[in-house]
Amino acid sequence: MEFTAIPGVGEKTAASLARLDDAERALRDGDVAALARAPGLTEGRAAAIARGAIRRRHGDDGDFLATDRSRELYEDVLGLLQARTQTTYAEKRLETLFPSSTESRIEEVRAFAADAMKRDVDDAVLEALSGVSPLTSPPTQRVRERCLATADAERYAEAEAAYPELSVEIVEDARDVAELARSYSTVVVLDESFAGIDVEGDVRVRPDALEHPEDIVPERLLDFFAVNRGRLEASAEVHEAAGMEPTCSLAELRDGLSRVDDDGELVGDEELARLTAAVDDVDAAVSTAESVANDHLRDAIREQDVTIEGTDFLSLVEQGARVDSLLDRELADEYDDALTKAREHVVDSLSLQSGETGPVDRLFPSDPSFPVDHREDVAARLETELGAARDQRAARLKADLATDLGDLRDPVEELVRDALELDVELAVARFATEFDCVMPEFGHAGFAIEGGRSPLLDVPFEEVDPVDYEVSGVTLLSGVNSGGKTSTLDLVGVVVLLAQMGLPVPAERVELGVVEELHYYEKSQGTLDAGAFESTLRDFATLTEGAANRLVLVDELESITEPGASAKIIAGILEELDGQETTAVFVSHLAGGIREAAEFPVAVDGIEAVGLEDGELQVNRSPVKDHLARSTPELIVEKLAGESGNAFYDRLLKKF
Ligand SMILES: Nc1ncnc2c1ncn2[C@@H]1O[C@H](COP(=O)(O)OP(=O)(O)OP(=O)(O)O)[C@@H](O)[C@H]1O
């Protein structure tokens, strides 16, 4: 696939994507986590690329959100969905859901949403999900006890690239290999030509080494499972709590994870633990053993009556002969006992097994001396031999474990992906439940909303009054102050956005037609100066020339300039839009003036006050069709006329 064909993907990003194993699948599935593994890509950028790929696949031009307010409303809707996720993955993944005018895209997400809405939202699942995040690659750890060797320069380069964990050495002959075997616990020779080589040490000829990383550096796999332990355990829990079919045996996964610690080291093998402890304790054991021998000898000497012949005494005095020479004769047995005790101490405290005690026998000089001194070189030898045994056992166990975990490596990718995707589905399910949503039906010109409740209102959702509103063509929406005109435009915007994202909408029933673009203009804050007014007018001029089949929502455009001029401008825009396949709702307090200025009969709907109660307007939030709602001032004049009996109010009321 040509990645540069995706909107927003340049050469550099394309090269980055090409380095992923599964970029095409990730782009197809909107797998933001996998895309974000490409070098230099953040999750946010990955989501944008996934969106681009989806747009390209469905031939979507990306023009749906045509104004700042439309984009803002989309961000708000997205925010409501994102607030219902447990994972950052799902948060980013939801960004791949966007309003589209392409039927195939809407259908694709509708199918996903329909499945998502069947999901039960369960606290245990949500709790487990909070521990899931995309799998991560551990940093490369150097493995110092093992090396690769080859006589071939090309293979050398391949091996260096394939195994950044290991040293790769150039060898010419068996002697070079033998040399390496003295420095490394294991030498893996890559060349067939060395088959049958006979050198001391753990030397393996593996021409297939490059294809078997699990044998050559099992640490890689162990580190992967170690750093991802929490994510994997949480994903396993998610599957159990949600009753989902896992992609691998969770018991096997848990068993594998229990055999490796957080640093990728093996746990649970007694023999390895014994050897590891022994290597660590050699120095301490030898020096204690020395004390044991010396204490024994000291006690023996203290209790001994030494009879010394005159000649010996003379020789001692005259020749400065060492007292040690007496030991040999007088305390030979005690010396043997002391050494036996010392050796036993080493063997016991290091829990050495037969076959490992060779160096222990040579650890102390056989000629009696006092104090007894151990031989450094022999102690070092003991440590080296035990270290080699430890490393070989560890390597063997790691290779075994890596073989077991290797079978799980691919399935766990899917296990985690499924858990993360569940979070996306649950966010949609929760949104649908919490805002009493239904799937909208397409096929209606304009929109028809029954029992719609905006989730963006500043009152708790339970207190939002349901709104019925149906529009096809171009209409004005009139109504009392604070009657809910802006909120109605928001509701229409939210419903259309969600519907064209392929998602359920907060209403009892919705029918609508797919629109190409959503143009939503919010109320301007006060009268514009000449420059801003001109630029706004230019915007609307563009609007009148745009593609057919748009939804235009405009809130009190009159506030941009003086009422007389505004009415004419709005009338002019409505005339233009009326001739197109456009659905438009213009909220305005100037319905009368606009109607007068327009050359066609402009439809007017109205949000009506049903009365004043304790000084508060009682409002029917559902706009009444073809009805110019009375304004708040009119209602107040009417109230005063009724209450006060002052004829002025009656005369005033007649002017409305
Ligand atoms: N459907 C509804 N259910 C409950 N409360 C609502 C509803 N619609 C609007 N409101 C309440 O009425 C307030 C005013 O709504 P809104 O701003 O939409 O009115 P408006 O008619 O646009 O006002 P103005 O004429 O001043 O611009 C909202 O802030 C909200 O508290």
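## A helix pair

A crossing of two helices is left-handed if the near helix is turned anticlockwise from the far one by less than a right angle, and right-handed if clockwise. In this predicted model, the crossing of α15 and α20 is left-handed. Helix α15 spans residues 270-303, and helix α20 spans residues 376-434.

The axes of α15 and α20 come within 9 Å and cross at roughly 165 degrees. Angles over 145 degrees count as roughly antiparallel, so α15 is roughly antiparallel to α20. On the α15 side, the contact is made by E271, L272, L275, T276, A278, V279, V282 and V286. On the α20 side, the residues include A379, L382, E383, L386, G387 and A389, and also R390, R393, A394 and L397.

## The nonpolar cores

The largest nonpolar core has 124 residues. Helix α20 gives the most to this core, with 17 residues. The residues with the most contacts inside the core are V428, I449, V492, V495, V496, I570 and F586. V496 touches F447, L512, V515, L518 and L551, leaving aside residues up to four places away in sequence.

There is also a second, separate core, with 29 residues. Among them are A293, L339, L363 and A395.

## The annotated binding site

An unreviewed UniProt entry carries the annotation "binding site" for G479, V480, N481, S482, G483, G484, K485 and T486. Two of these residues can be looked at in turn. S482 is in the loop between β8 (474-479) and α21 (485-501), and G484 is also found in the loop between β8 and α21.

Leaving aside residues up to four places away in sequence, G484 touches I607, V619 and R621.

## A residue in strand β3

V188 lies in strand β3, which covers residues 186-189. V188 counts as buried because it has 23 C-beta neighbours inside 10 Å. Not counting residues up to four places away in sequence, V188 touches R146, L148, R204, R206, A209 and I216.

V188 and G44 are 144 residues apart along the chain. The C-alpha atoms of V188 and G44 are separated by 43 Å.

Technical notes: Residues are numbered from 1 along each chain as its sequence is written. This is a predicted model: local features need pLDDT of at least 70, side-chain atom pairs count only at pLDDT 80 or more; totals for chains, interfaces and linings use all residues. A nonpolar core is a set of buried Ala, Val, Leu, Ile, Met, Phe, Trp, Tyr and Cys residues joined through C-beta atoms within 7 Å. A residue is buried if 20 or more other C-beta atoms lie within 10 Å of its own, exposed if 12 or fewer, and partly exposed in between; C-beta atoms are placed from the backbone. Helices (H or I, at least four residues) and strands (E, at least two) are DSSP runs, numbered from the N terminus. Two residues are in contact if their C-beta atoms, placed from the backbone, lie within 7 Å. UniProt positions are given in the numbering used here, feature names are shortened, and annotations may be inferred rather than shown by experiment. Axes are lines fitted to C-alpha atoms, for helices over the stretch in contact, and angles run from 0 to 180 degrees between N-to-C directions. Angles under 35 degrees count as roughly parallel, over 145 as roughly antiparallel, 65 to 115 as roughly perpendicular and the rest as oblique.
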